[in-house]
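Reader: I've got this model open on my screen and would like a close look at one part of it. Could you walk me through a single spot, and then show me how the rest is put together around it?

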Amino acid sequence: MTSLFLVDGDVRRRAAISHCLAGSGIHVEPFEDASELISRWPKNGLLLVHDDGRAIGTLLTQMGRLGQWLPVIGFAQEPNTRQVVRAVLDGAIDYIAWPFSGDEITSLIRSAEEKAEVFGSTKLREALARSRVDRLTKREREVLAGVAGGLSNRMIGEKLSISPRTVEIHRANMLTKMGANHTSEAIRIAIEASLVS
């Protein structure tokens, strides 16, 4: 039986979604918000998250901290294209517009389970990498981007209007915060986090 963790602040919508999945072989556990789910983090299953602009990102950050990725399906009433794209770029595996039928959501959940098997390890590495890059200050990220671009400390310093010695300090801090043993590892993390291509 599939476990679906439903995160939605609207009690009526939570009830309607739970009702439309009754008898589908999908066990629904409703949560009012992301913090409630985080306090009782599941070991496996899928997350169906109402896209309020914060919840999806909060849950994906939590996955990076824990080193455990769960597939996320975002949903909203009449979502615009930008909203859907943002959710998918943040790490959602799929998106659906509310209201939806039991057949639509059941089909989407089955599809998400299949995608999760293929994308799971990649999404986990990306979530872990993003959590490591998120520890950096803006300047450290700029130095990381310069390093990943193949620039020397002197060239990075010129680009950022700081001294090469200051670049060295930011670079050392960056490696420590990211838990990287050397620059090539930091570049790999930046690529996995989609900071650089």
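Reader: Let's take aspartate 94. Which strand is aspartate 94 found in, is aspartate 94 buried or exposed, and which residues is aspartate 94 in contact with?

Author: Keep in mind that this is a predicted model. Aspartate 94 sits in strand E5, which covers residues 94-98. With a relative accessible area of 17%, aspartate 94 counts as buried, because the cut-off for that is under 20%. Skip its neighbours within four places in sequence, and the residues in contact with aspartate 94 are Val72, Ile73, Gly74, Leu108 and Lys115.

Pick isoleucine 73 from that list and follow it. Leaving out its own neighbours within four places, isoleucine 73 is in contact with Leu46, Leu47, Leu48 and Val49, with Ile93, Asp94, Tyr95 and Ile96, and with Leu108, Ile109 and Ala112. Isoleucine 73 is also one of the residues with the most contacts inside the largest nonpolar core, along with Leu47 and Leu48. That core has 39 residues.

Leucine 37 is buried, with a relative accessible area of 0%. Not counting residues up to four places away, leucine 37 touches Phe5, Val7, Phe31, Pro42, Leu47 and Leu59.

Now for the helices later in the chain. Helix H6 (residues 138-148) has Glu140, Val143, Leu144, Gly146 and Val147 as its buried residues. Those residues span an arc of only 160° around the axis, so they lie on the same side of H6. Their packing partners are H7, H8 and H9. After H6 comes glycine 150, with a positive phi near 85°.

Take H8 (residues 164-178) next: its axis and that of H6 come within 9 Å and cross at roughly 95°. H6 and H8 are therefore roughly perpendicular to each other. On the H6 side you'll find Arg139, Glu140, Val143, Leu144 and Val147, which meet Val167, His170, Arg171, Asn173, Met174, Lys177 and Met178 in H8. By class, the residues of this contact are six nonpolar, two polar and four charged.

H8 also packs with helix H7 (residues 153-160), at an angle of about 105° and with the axes 8 Å apart. This pair is therefore roughly perpendicular as well. Here Asn153, Arg154, Ile156 and Gly157 of H7 make the contact with Pro164, Val167, Glu168 and Arg171 of H8. Three of the residues in this contact are nonpolar, two polar and three charged.

Last stop is helix H9 (residues 183-192), where Thr183, Glu185, Ala186, Ile189 and Ala190 are buried. Their arc around the axis is only 160°, which puts them on the same side of H9. Just after H9, serine 194 takes a positive phi of about 65°.

Definitions and conventions. Residues are numbered from 1 along each chain as its sequence is written. This is a predicted model: local features need pLDDT of at least 70, side-chain atom pairs count only at pLDDT 80 or more; totals for chains, interfaces and linings use all residues. Side-chain values use heavy atoms; hydrogens and water are left out. Axes are lines fitted to C-alpha atoms, for helices over the stretch in contact, and angles run from 0 to 180 degrees between N-to-C directions. Helices (H or I, at least four residues) and strands (E, at least two) are DSSP runs, numbered from the N terminus. Angles under 35 degrees count as roughly parallel, over 145 as roughly antiparallel, 65 to 115 as roughly perpendicular and the rest as oblique. Contact means heavy atoms within 4.5 Å. Ala, Val, Leu, Ile, Met, Phe, Trp, Tyr, Cys and Pro count as nonpolar, Asp, Glu, Lys and Arg as charged, and the others, Gly among them, as polar. Buried means under 20% relative accessible area, exposed over 50%, partly exposed in between (1.4 Å probe, protein chains only). The arc is that of the directions from the helix axis to the C-beta atoms. A nonpolar core is a set of buried Ala, Val, Leu, Ile, Met, Phe, Trp, Tyr and Cys residues joined through side-chain atoms within 4.5 Å.
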